[in-house]
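Me: I am new to this structure and would like to learn how to read its features. May we go through them one at a time?

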Amino acid sequence: AGYTTFKRKQDHEEIAAAKRKKLILERVRPDDVPYFLKAETFEGYKFDYVFTTRDRGTGYYWDGMDSMRKELGIEQTYAEGTK
């Protein structure tokens, strides 16, 4: 008697999910995802990457847009023959 139990507002999984969502929406690249994938020619669609030539050369550069669209529920559209 005399003790009160409190329900946590959020558990650890909910907190982690909220942090992941925030990072996705801010387009922050996860530490375990490479920024650049070297490729001489276009090898097809790669989730969260764009094929271009920049400072590291020609290849796929991480941009995070696919994850952001997925998180926001925006349907993905692909050009014919790229998927």
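Me: Which residue is the bridge partner of F51 in β3?

Reply: Strands (E, at least two residues) are DSSP runs, numbered from the N terminus, and two strands pair if DSSP finds at least two bridges between them. Here, F51 has Y60 as its bridge partner in β3, while T52 is partnered there by G59. This is a predicted model, in which local features need pLDDT of at least 70 and side-chain atom pairs count only at pLDDT 80 or more, whereas totals for chains, interfaces and linings use all residues. Residues are numbered from 1 along each chain as its sequence is written, and side-chain values use heavy atoms, leaving out hydrogens and water.

Me: How many bridges join β2 and β3?

Reply: Six bridges, in the antiparallel sense, pair β2 with strand β3 (residues 57-62). The two strands form a hairpin, with two residues between them.

Me: What is the order of the strands in the open sheet?

Reply: The order of its three strands is β1-β3-β2, with antiparallel pairing. At the edges lie β1 (36-38) and β2 (49-54), each of which pairs on one side only.

Me: Is D66 buried or exposed?

Reply: Buried means under 20% relative accessible area, exposed over 50%, and partly exposed in between (1.4 Å probe, protein chains only). D66 counts as buried because its relative accessibility is 7%. This residue belongs to helix α2 (residues 65-72); a helix is a DSSP run of H or I, at least four residues.

Me: Which residues is D66 in contact with, leaving aside its neighbours within four places in sequence?

Reply: Contact means heavy atoms within 4.5 Å. With those neighbours within four places in sequence left aside, D66 is in contact with Y45, K46, F47, D48, Y49 and Q76.
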